[in-house]
Amino acid sequence: MALPLLPGNNFNRNVGKEKFHKSQHWGFCNNVRMLVSEDKPGIGGEPLPGQKPKPKYSEYPRGMGSSLPSWVAFDKQVLCFDAYVEDEVPDKSQEKYRIRHYKILFYLEDDTIQVNEPQLKNCGLPQGTFIRRHRIALPPPDEDKFYTVYHFNINIDVVFYGRTFRIYNCDTFTKNFLKKIGVKLNPPGRCPEDPYMKTRRETLDRMKPLRPYESFDTLRQFLEYNRKVLRFFCVWDDSASMFGDRRELVLHYFLCDDTIEIKEVMPPNSGRDATSLFLRRRKLPKFGPPGVFQPGQITDRAVLNVYSGTSGKRVDDYLLDKYKVRNLTFCCCFRCDFPGTRKYRLGKVDQEFYKDGDLFIGATINVWGRKVLLCDCDEFTKTYYKTKYGIENFNSISCKAPPPLKIKRKFPPYNGFGSEEDSLRTCIGLMPTPHQRDFKKFMEKDSYGNISNILRFFAKLITHKCMDLDRMFVISYFLSDDTISVFEPIERNSGFTGGMFLKRSRVKKPGQEVFKSEPSEYIKAEELYIGARVNVNGYLFHLLNADKYTLRYMEENSDKFPMSSIELVLQKLKEEQSKSREVKQVFRDADPEFTKTVDYNTFRDIIMSLTVGKLTEHEFITLVRRYGVSEDTRPDMNILIAQAHEQLRKNTFENFERLIATCIYEDREKKKVLPTTDIRRLCKSSRLPVTDDLLEIILSGFEDDEKQINYELFFNALNWRMNPMPELEGVSFTKEKCEDKWLGMPSPIPAKRVDYFRLLKEVFGIEEE
């Protein structure tokens with residue numbers, strides 16, 4: 001079955017044998033895009049019957065010799081020829097003929113022709129498109145045919161509608177194309193010159209203005225540099241004069257017209273009247289003040305009256321001074337007492353103004369008698385000078401005056417009346433004001449919700465009195481105002497009343513002089529840690545432990561509390577790298593069942609013997625908190641159900657049978673279980689009077705591995721009528737104990753068991769055997 005006639009398919013219809021497909025693709029040869037034809041050989045590489053060898057590239061340019069339409073092959077390909085026409089000019093003496101230049105464009109896709117005449121300045125003739133694009137017929141007697149590409153060449157004449165065009169040259173693409181299609185090109189010709197245009201050009205070159213005139217082209221500078229301003233920061237030192245001082249100024253140099261504007265930086269409370277400008281925008285002369293000039297001395301041009309008419313009617317002629325001379329010398333030949341050369345002096349005065357090249361950092365300019373020093377500039381000014389002048393050094397000069405010698409203020413010593421801060425306020429001003437505490441710190445570190453910002457330590461009193469050896473205290477440090485309070489827990493039959501031992505106040509460090517001028521130093525939070533000894537108003541306390549919030553706060557702010565930094569603790573352990581094998585063996589002996597954990601006391605004995613006193617008590621607590629094994633702290637389910645019963649009893653909720661019936665209806669498979677989400681949704685829709693958090697915890701307790709709940713067990717457990725739970729017994733606190741939030745003995749150990757294997761792996765790199 002023969003293939004349809006498509007572009008690229010070639011069939012041998014004269015040979016009565018099988019017809020084979022010939023593949024074609026686009027290629028390039030000599031910078032001309034062509035169709036590459038590839039003949040596929042038969043089996044074994046033998047040529048097919050009737051097949052003739054062909055070159056790799058076609059001998060035709062793109063579109064020639066292929067089955068593709070010409071408008072596709074020659075799309076956007078145009079031949080361009082340069083031509084001229086010699087027109088006669090009758091009844092005119094200036095010219096007998098005129099040479100007009102044209103561009104002939106031949107479009108290969110449809111053989112259309114367009115003729116354009118280039119625009120010529122001040123020609124006076126309509127120019128542009130001379131012949132619009134269309135197919136043009138040949139001149140008689142071949143008017144039934146049209147121009148094709150083979151009718152064009154160089155140094156030939158073509159006739160379009162009775163008008164003869166002489167082609168004298170063409171572009172490179174046209175030459176290559178004509179050579180590819182086999183056209184032999186003639187040598188290029190030369191276009192004759194229009195005699196009138198030649199005469200006109202010579203006349204314009206010879207013409208000179210009767211009066212020399214110098215144009216001031218300020219528009220170009222304005223358009224190029226409009227809104228571009230150089231800014232310098234400068235200073236005028238007027239401190240030598242009476243009541244004078246240093247004045248900071250800002251100089252603006254406008255590049256569009258070379259004018260300068262200066263503004264003064266008015267400091268607050270300077271006592272000077274605020275002025276809009278220090279110098280109004282204008283050109284600034286270099287040598288000022290120059291004085292008062294006569295009218296006509298300051299001008300851009302000088303007018304010369306060098307000759308006058310000799311007729312009876314006097315006519316004066318003037319000439320502009322083109323060369324800007326001050327002295328004029330010429331010869332007097334008649335009508336003078338002493339013939340010869342005379343020299344006259346003009347009245348024009350030349351002034352030098354500051355330009356952008358005169359301004360740089362460190363320069364001193366004259367602003368009408370005031371010496372202004374340029375100290376610095378902005379980034380745009382630096383970029384401008386770097387680009388135009390190649391300046392790289394922009395070291396600024398300080399505009400500020402050197403600060404005066406500060407006289408140290410001496411305060412009288414503290415006299416013992418009131419606090420030191422209140423006594424100091426009486427020495428600062430005539431009207432004593434109360435001491436203002438750090439309000440920002442107070443607002444940031446004040447207690448809010450569960451964040452107390454209070455560091456609590458359990459301490460023991462260090463004394464030689466036998467009756468005070470067993471007394472325990474709770475020391476609280478308030479971060480909001482750096483105050484300390486000491487509370488003694490109440491213990492029955494101890495012989496001590498207990499309660500508040502020290503009210504909340506700041507505690508001074510011991511060993512300071514009482515009556516002195518300098519403020520006293522107080523105990524800071526960084527000085528408190530487990531194992532430290534603190535002197536509180538003469539009582540020496542030994543800090544034994546801290547609560548969990550304090551330990552966590554110190555670990556989060558390890559930059560202020562270095563003993564809570566786990567990195568520093570591990571660094572001390574890594575220094576004992578040589579004892580890694582002995583430490584491993586000791587831990588294995590202490591853990592015969594290889595649970596990878598040991599109890600707190602065993603871990604303490606091993607680590608303390610390893611470091612030999614390098615680790616403090618606080619650092620050891622930090623290490624245990626890092627590698628301690630967490631315990632299951634989930635609340636007892638009976639307690640949670642008792643809390644739920646209390647909430648249900650207060651709201652008299654008893655619709656448990658209806659809830660179970662609804663669950664049985666939704667349990668289509670009769671498995672007596674439903675997903676947790678369905679039970680939660682049912683409780684919400686029935687408005688079960690139990691808080692969300694408590695409901696979530698109870699649901700998680702009844703949930704199985706497949707996230708399902710036995711609804712009968714769940715609702716029967718919540719039925720406070722059928723399955724009542726014993727009421728919770730509240731813990732009653734005495735009034736004295738409620739004064740402090742932390743009650744009882746010191747906090748327990750951070751963890752009962754410690755994961756020593758993870759410690760050995762991270763510190764010594766010991767892997768499991």
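Is Lys670 buried or exposed? Lys670 counts as exposed, because its relative accessibility is 59%. That residue comes back in point 6; here are my notes on the rest, bearing in mind that this is a predicted model.

1. Start with strand E5, residues 112–117, which is mostly covered, with 5 of its 6 residues buried. On one side, E5 runs antiparallel to strand E4 (residues 97–107), and 5 bridges join the two. If you want a pair to click on, Leu105 has Gln114 in E5 as its bridge partner. The E4 and E5 hairpin has 4 residues between the strands, and Asp111 there takes a positive phi near 60°. E5 also pairs with strand E6 (residues 128–134), again antiparallel, through 4 bridges. In that pairing, Ile113 has His134 of E6 as its bridge partner.

2. The peptide bond joining Pro140 and Pro141 is cis, with omega about 10°. Most peptide bonds are trans, so this one deserves a glance in the viewer.

3. Thr174, Phe177 and Leu178 are buried in H2. Seen down the helix axis, the buried residues of H2 fall within an arc of 95°, so they line one face. What do the buried residues of H2 pack against? Their partners are strand E3 (78–88) and strand E8 (163–170). On the face turned away from the buried side, H2 carries the exposed residues Thr172 and Lys179. After H2 comes Gly182, with a positive phi near 95°.

4. Strand E10 (residues 246–254) is another mostly covered one, with 7 of its 9 residues buried. Strand E9 (residues 229–237) runs antiparallel to E10, and 9 bridges join them; Val229 stands opposite Phe254 of E10. E10 pairs with strand E11 (residues 259–264) over 6 bridges, also in the antiparallel sense. Phe254 turns up here too, standing opposite Thr259 in E11. The hairpin of E10 and E11 has 4 residues between the strands, and Asp258 in the turn has a positive phi of about 60°.

5. Thr381, in helix H5 (residues 379–388), is buried, with a relative accessible area of 0%. Apart from neighbours within four places in sequence, Thr381 is in contact with Leu230, Arg231 and Phe232. Leu219, in helix H4 (residues 219–225), counts as exposed because its relative accessibility is 54%. Together with Phe222 and Leu223, Leu219 makes a nonpolar surface patch of about 320 Å².

6. Back to Lys670, which sits in the loop between helix H14 (656–666) and strand E26 (673–675). Lys670 has a positive phi, near 55°. The loop between H14 and E26 also holds Lys672, where phi is positive as well, near 60°. Lys672 counts as partly exposed, because its relative accessibility is 46%, and the cut-off for exposed is over 50%.

Note on methods:
Residues are numbered from 1 along each chain as its sequence is written. This is a predicted model: local features need pLDDT of at least 70, side-chain atom pairs count only at pLDDT 80 or more; totals for chains, interfaces and linings use all residues. Side-chain values use heavy atoms; hydrogens and water are left out. Buried means under 20% relative accessible area, exposed over 50%, partly exposed in between (1.4 Å probe, protein chains only). Two strands pair if DSSP finds at least two bridges between them. Patches are made of residues with over 30% relative accessible area and no salt bridge: like charges are joined within 9 Å, nonpolar side chains (Val, Leu, Ile, Met, Phe, Trp, Tyr) within 5 Å. Accessible areas come from the Shrake-Rupley method with a 1.4 Å probe; for residues, only the protein chains shown count as cover. A salt bridge is a side-chain nitrogen of Lys or Arg within 4 Å of a carboxyl oxygen of Asp or Glu. The arc is that of the directions from the helix axis to the C-beta atoms. Contact means heavy atoms within 4.5 Å.
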